[in-house]
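Here is a short report on one protein chain. Look through the sequence and the structure first.

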Amino acid sequence: MAGRWRSGGWRALLCLPLVWVLPVAALTGCGPVTGSDDPLGRDARSVQHMLDRRAEAVRQRDAAAFLATVDRGSRRYRDEQRRVFRRMAAVPLRSWSYRLVRTGGFQPALGSGRRLAAQVELRYRLEGYDTAPVISAQHLTLAQRGGSWYVASDDGVVDGKHSGEQLWDDGRVEVVRGAHSLVLGVGHKRRLLREVADAADRAVPALSRVWPGVWAGRVVVEVPADLDRMAALLGASPNGYRGIAAVTTGEVGGNAGSPSAADRVIVNPEAYQVLGDFGHQVVITHETAHVATRSATTAATPLWLSEGFADWVGYRTPGRTPSQVAPELADSVASGHLPRALPRDDDFRFGSDPDRLSRAYEQGWLACRLIADRWGARKLVEFYRAVGEAPRRSGAVESALRRVLDVNPEEFTDAWRRYMAVELE
């Protein structure tokens, strides 16, 4: 899902990916697989024990113990693991654990011992910021030597899937703490990270004023070195995120209020730094809105509502007219093309016509702005929550419109179309 920002002819998208759990996909089940289809069989406990020792070494910042879990026959990988461990030195970890999920079968042995592809679930939390863990799938190659298992590489493949990357895989992590934020960056001057933290520190109180109820009240932002590294964190192609200023990753779906994985706002430095101060604040406030509303955002929530609400919060600061905020839609309305219906989820798909994409975001923003203007900000929040509480997507918006705003879908659509015509003339 994406919002939008235009400045000096440059369009940057504020994005929450359609697949909200890209590199942090939750894995089901509990405990390592040990059934008859598991090639490890009785050795599964030995592998899990090794993973537990590896996790304890990370938590205790014990480099020697961490490297003791790495296969000595993989010298290049061992050197890389030593560098990765050092890069994490400034990261304030609260917890770190691994769980063997499944295995992908034995590989041809190199020298003595056996080699095995394994899918492992990594969970970690940052001290003082995460109320839930980040969850990442790792696909490891394990080597058995002398009856013990070791990690030989993290580029193993299970069912065609590779390991999710973390920020510290690319370089030493610089950490900047704000009043309500934690910014982790690689390859950037501290000044940029401080500016991002300042924007987040303004965004969090702005959300707390309009979004009552319990949420973390803080945000974690990652600033990778460049677009390619941003895409790697998301497990996607760089072309899909070119021009996108920021992305929020997190888990959604199921029921409102259900536990979910931790959110991360990931900044694309190439697009973000082109924007001015106003654009920076809109970007970070928009993404913070996704963090705040995560527990109320479910599979029943349409993209026009989640993106429209995030933009509504982001653009509450005075300084731009509706036509300036929604230039593509304003041009369309001026030429006599007033949309007949609220945008569909497909209209927010990346890779489609960029003008159509922008109009979809702008339409969602004006729909939420209409609710806030006519029924009040509290009703907009109540409407958002009511939609997310529905057991399924079908009928969720229609029911919430009647229950919260006392209008039917046709009446709301007519009001929205008239509102656009007036605000964008």
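Over which ring does the charged end of arginine 374 sit?

## Charges over rings

The answer is tryptophan 375: the charged end of arginine 374 is 5.8 Å from the ring centre. Arginine 320 lies over the face of phenylalanine 278, at 4.2 Å from the centre of that ring. A charge sits over a ring if NZ of Lys or CZ of Arg is within 6 Å of the ring centre and within 35 degrees of the ring normal.

## Basis of the model

The model is predicted: local features need pLDDT of at least 70, side-chain atom pairs count only at pLDDT 80 or more, and totals for chains, interfaces and linings use all residues. Residues are numbered from 1 along each chain as its sequence is written, and side-chain values use heavy atoms, with hydrogens and water left out.

## Overall build

The chain has 14 helices and eleven strands. These are DSSP runs, numbered from the N terminus (helices: H or I, at least four residues; strands: E, at least two). Of the 425 residues, 54% are buried (under 20% relative accessible area, 1.4 Å probe, protein chains only).

## Aromatic pairs

The whole structure holds 15 aromatic pairs. Rings of Phe, Tyr and Trp (its six-membered ring) pair if their centres lie within 6.5 Å; planes under 30 degrees apart are stacked, over 60 edge-to-face, the rest tilted. Phenylalanine 66 and phenylalanine 85 have ring centres 5.0 Å apart and planes at 35°, so this pair is tilted. Phenylalanine 66 lies in helix H2 (residues 63-67) and phenylalanine 85 in helix H3 (residues 75-87), so the pair ties together parts 19 residues apart in sequence.

Phenylalanine 66 is buried at 6% relative accessibility. Phenylalanine 85 is buried at 15%. Trp96, Tyr98, Tyr124 and Trp168 form one aromatic cluster.

Key:
Buried means under 20% relative accessible area, exposed over 50%, partly exposed in between (1.4 Å probe, protein chains only).
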